[in-house]
Amino acid sequence: MAGTDELTKTKEKQAEPIAVQKAETLREHLTSLQQWNVPAGQTLEETRRAFGEAEEQRSIAITQRLRANAQQQLPPANAAAAAPGAPVQQQAPAKKSYKQRRKEEKHAKYARKQNPIADSTSYDMVESLQSVRQLQLSSATPEQLARVQNAGGDTRVARVFCTGYRKDKKGNPLDDNQRRFRDRDLDWLDAYAAHDLQRMTPHLNRFVNEILSYKVTPDMLTAESLRRNAAKVKLMNDRMTYIENLQRDPVTAPFFQQLDPIKLAMLNNFTNLMTGPMGMALVTNCAARGVNVNQADYDRTGTVTTPASARSYQDNADSCIAMIDGVNQQIKQANDAAADALIEQQIPDVLRMFREQADDTRADIELGKTERDRKRAGAGLTSYVTEYSFDLVADARELIESHTTEYGQHREIVDKIYEQLHHTVDAMGDITLLTRAYQYVQDGYDAFGSKEESLLRSAAGRKLLAAEARLRPYTPLLGSYMSALKFLLRGGSLGHFVRDLLIQMGMKDADLPPAEE
Amino acid sequence: MEIGVLTREVLPVFSTLLLPEAAAQLEADEPPLALGLTEDNLACGALAGRMEGDLFAVTSLFVAPDYRRRGGGTMLLRALADVLRADGGVFGVSIAFNCTLPEHETLCAFLAARGFAEQDDHGENIYLTTVGEALASPFFASRSAGGAVRRFSELSDAALRAAERDALRAGAPLPETPLVSESIDRELSAALVENGGVKALAVFDRSCGCLTLACAWSGTAGPAALPQLLRASAARLAEAHAADEPFAVQAVTQEAARLVQALLPGAKPISRYYIASVQSLPESEKEDDVHGGD
């Protein structure tokens with residue numbers, strides 16, 4: 001219940017002469033309410049942004065408060081025990097036949113002679129590593145490598161990026177595919193030895209695209225997988241290592257400097273973060289089985305010869321494998337951050353374009369060529385404008401101007417609501433502008449395009465979602481302001497929310513009818 | 001059944017029970033308030049939401065099918081209401097969703113029984129029908145297109161951007177999605193072009209995942225242009241789309257709503273927006289409907 005003094009004041013307010021009677025005077029008054037009170041040292045844009053952010057911050061602060069209250073009132077949801085883990089999938093070994101077992105025993109016996117802790121797995125690893133090295137040497141022959149060395153090139157780089165080819169009995173490529181591999185390798189070796197960047201460019205593009213297509217998972221680094229794929233993993237790791245050498249090489253560096261920035265960022269994130277743990281997992285897992293990956297042979301240095309030293313290497317390998325999921329996550333985060341930055345770089349220009357379009361719209365409306373525009377002119381909107389923003393302010397203004405008697409009765413509160421409504425619409429314009437800009441940038445990328453396009457499109461989509469989330473609270477708020485104005489000026493029923501809003505804005509509980517459900 | 005507060009730590013268990021956006025906010029430690037429903041250490045329901053303006057907007061509410069009709073949904077709402085009542089600074093709860101599945105109908109009944117009132121949108125809604133039903137309307141009995149009607153696919157991006165700018169200036173209720181966006185169906189969307197300028201538009205959009213007539217604007221071409229455009233689109237709709245494909249029409253003004261209701265009497269409005277005051281939500285003391293419809 002309101003006190004007697006307050007009731008008297010309300011009655012006085014209702015009885016006081018209507019100060020604003022002429023529509024023209026009222027329009028001037030409403031126009032004055034549209035003005036932003038810009039504090040010294042602040043621009044209009046900053047003031048508008050601060051107004052909008054204050055509303056968003058209020059929503060965030062209340063939600064945080066509610067969450068804190070909930071945590072005091074309720075226990076934490078207790079379902080932690082049911083959380084599914086993410087077990088590393090390992091390929092189950094196939095059942096072995098008697099013949100296969102005998103073969104494995106034979107291989108294990110041979111392997112043990114080379115290194116006391118080696119077994120049939122070690123044998124297969126060495127076979128795999130040697131076969132790929134031999135294949136590469138089919139293209140990167142000692143003569144070719146000597147040519148590279150004489151030209152000041154890095155023979156490891158030259159060899160690692162060769163595919164190699166399979167030969168027939170006469171030493172020629174086995175088929176057309178193998179011939180293509182040979183020709184491609186020879187072209188690469190020639191171009192590299194000649195320091196010819198133009199000829200190297202298609203090869204460099206191929207290497208970059210290949211590395212970007214790599215997907216490193218924990219299960220491919222387990223001993224069971226390396227038994228079959230050690231050479232493939234080693235080749236991937238070598239290429240990831242030596243692409244960095246190519247980036248540093250003064251001859252090939254310009255290629256990388258001119259590479260699509262997102263592609264370069266993805267390449268660097270992947271190689272910087274993954275090469276180490278992946279290489280370490282490969283080397284230690286093979287070492288735990290008496291295999292020296294770099295030599296493509298059994299470890300003959302005496303480093304790993306006892307079960308204890310093998311266990312130590314295995315522990316290292318296990319901890320490296322356990323890191324892989326986390327590293328993939330870090331790469332994703334780094335790629336997202338790079339994409340975010342590239343999207344943000346484009347935004348100022350797009351904002352400028354949309355602002356210019358909005359300025360045209362505003363200018364057209366202010367010219368008042370049509371009846372609709374005359375109604376909407378003078379809305380005093382300073383930010384990015386849409387038809388909706390103009391209509392909303394014009395509707396509110398028209399409502400006030402067509403109910404001058406009721407306005408006189410509630411002038412103080414109507415002024416306050418109109419001012420809030422106007423400033424909210426104006427502040428909303430900045431966020432609407434952002435959503436349009438992010439949408440525009442997102443639409444520039446093909447959803448079914450390359451990995452890089454997809455990454456950039458996702459980044460723009462994330463930013464669009466965030467901007468849209470900021471926009472969401474405004475609609476119900478503006479609806480409440482309009483409903484409050486309609487109630488005060490036209491009368492009618494009063495909902496709970498509008499009633500509470502009016503109380504929040506200074507009306508007395510006792511002056512309002514009960515809310516209708 | 002028990003209610004608890006969801007934190008990031010237990011999100012892996014509950015994430016399937018939350019809409020992706022709510023789960024992502026919780027994952028990012030943004031500020032949704034999220035509650036979980038459990039039984040025998042098994043997650044079986046969740047509610048999430050946050051303040052939007054002056055209302056607490058429920059952004060996700062779900063109870064697993066096997067655990068429904070046992071009061072779990074009411075428990076979630078009751079726990080939320082307790083938190084809001086204790087706070088005292090929030091006076092309403094809103095929930096918005098599209099009603100496209102039978103379980104959404106159940107949700108409507110559930111909300112109505114627990115103090116929520118559906119907000120009247122005066123017909124400004126999304127209307128859902130099928131391509132077959134739409135084409136069966138007498139309005140589309142004739143599907144001939146006039147010579148000046150052009151598909152968007154026949155117009156350049158620059159022409160579409162110019163058309164968008166002109167249409168916005170002329171007050172066209174264009175969708176938020178730009179006309180050059182890939183979610184716009186350029187084969188179905190059509191424009192009436194005269195002297196190089198776009199005079200009227202019919203825009204078909206797929207941004208919400210469903211084929212939607214997002215805007216039909218007769219512009220400066222006069223009301224007769226609209227039937228001409230829509231019938232041209234209908235001809236292509238009949239050629240390239242299955243009769244049972246869902247088809248939505250968005251009515252953004254009351255005039256458009258009346259038009260949709262007249263032309264497509266079988267189309268159902270699907271957007272729902274419910275609001276309840278905190279006071280009208282279920283209270284803890286009441287053991288009202290433990291076996292209610294949730």
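I count a residue as buried if 20 or more other C-beta atoms lie within 10 Å of its own. With that in hand I looked up strand β11 of chain B, residues 211-217, and found seven of its seven residues buried. The model is a predicted one.

**Confidence**

I checked the scores before going further. The predictor gives the complex an ipTM of 0.74 and a pTM of 0.55. For chain B the average pLDDT is 81, and 92% of the residues score at least 70. I marked residues 286-294 of chain B, where the pLDDT is below 50. This stretch still has 22 contacts in the model beyond near neighbours in sequence. Where pLDDT is low, the predicted coordinates should not be read in detail. I left that stretch alone.

**Around β11(B)**

I then looked up the pairing of the mostly covered strand β11(B). Strand β10 of chain B, residues 197-205, pairs with β11(B) in the antiparallel sense over five bridges. Strand β12 of chain B, residues 246-250, pairs with β11(B) in the parallel sense over three bridges. I followed Leu213(B) through both pairings. Leu213(B) is the bridge partner of Phe204(B), and Val249(B) in β12(B) is the bridge partner of Leu213(B).

**The seven-stranded sheet of chain B**

I traced an open sheet of seven strands in chain B, with the order β1-β2-β3-β4-β5-β14-β6 and mixed pairing. At the edges I found β1 (2-5) and β6 (117-118) of chain B, each pairing on one side only. I looked at one pair within the sheet: β4 (residues 55-63) and β5 (residues 92-98) of chain B run parallel and are joined by three bridges. Opposite Val58(B) I found Ile95(B) of β5(B). Helix α2 of chain B, residues 20-27, lies across β2 (33-39), β3 (42-52) and β4 of chain B. I noted its direction as about 110° to β4(B).

**Positive phi in chain B**

I noted two non-glycine residues here. Asn41(B) has a phi near 65° and is found in the loop between β2 and β3 of chain B. Asn41(B) counts as exposed because it has 12 C-beta neighbours inside 10 Å. For Arg69(B), phi is about 60°, and the residue lies in the loop between β4 and α3 (72-87) of chain B. Arg69(B) has 14 C-beta neighbours inside 10 Å and therefore counts as partly exposed.

**Helices α19 and α20 of chain A**

I turned to chain A for a helix pair. The axes of α19 (residues 474-490) and α20 (residues 496-504) of chain A come within 9 Å and cross at roughly 85°. The two helices, α19(A) and α20(A), are therefore roughly perpendicular to each other. I listed the contact: α19(A) brings Ser480(A), Ser483(A), Ala484(A) and Phe487(A), and α20(A) brings Phe497(A), Val498(A), Leu501(A) and Leu502(A). By class, the contact of α19(A) with α20(A) has six nonpolar residues, two polar and no charged.

**Where the chains touch**

Last, I looked up the contact between the chains, which takes 42 residues from chain A and 44 residues from chain B. On the chain A side, α3 (44-73), α13 (307-367), α17 (411-443), α19 and α20 each supply at least two residues. I found that α3(A) gives the most to this side, with 12 residues. The side of chain A that touches chain B has 21 nonpolar, 12 polar and nine charged residues.

Methods:
Residues are numbered from 1 along each chain as its sequence is written. Chains are lettered from A and ligands numbered from 1 in the order in which they are written. This is a predicted model: local features need pLDDT of at least 70, side-chain atom pairs count only at pLDDT 80 or more; totals for chains, interfaces and linings use all residues. Axes are lines fitted to C-alpha atoms, for helices over the stretch in contact, and angles run from 0 to 180 degrees between N-to-C directions. Helices (H or I, at least four residues) and strands (E, at least two) are DSSP runs, numbered from the N terminus. Angles under 35 degrees count as roughly parallel, over 145 as roughly antiparallel, 65 to 115 as roughly perpendicular and the rest as oblique. Two residues are in contact if their C-beta atoms, placed from the backbone, lie within 7 Å. Ala, Val, Leu, Ile, Met, Phe, Trp, Tyr, Cys and Pro count as nonpolar, Asp, Glu, Lys and Arg as charged, and the others, Gly among them, as polar. Two strands pair if DSSP finds at least two bridges between them. pLDDT is the predictor's confidence in each residue, from 0 to 100.
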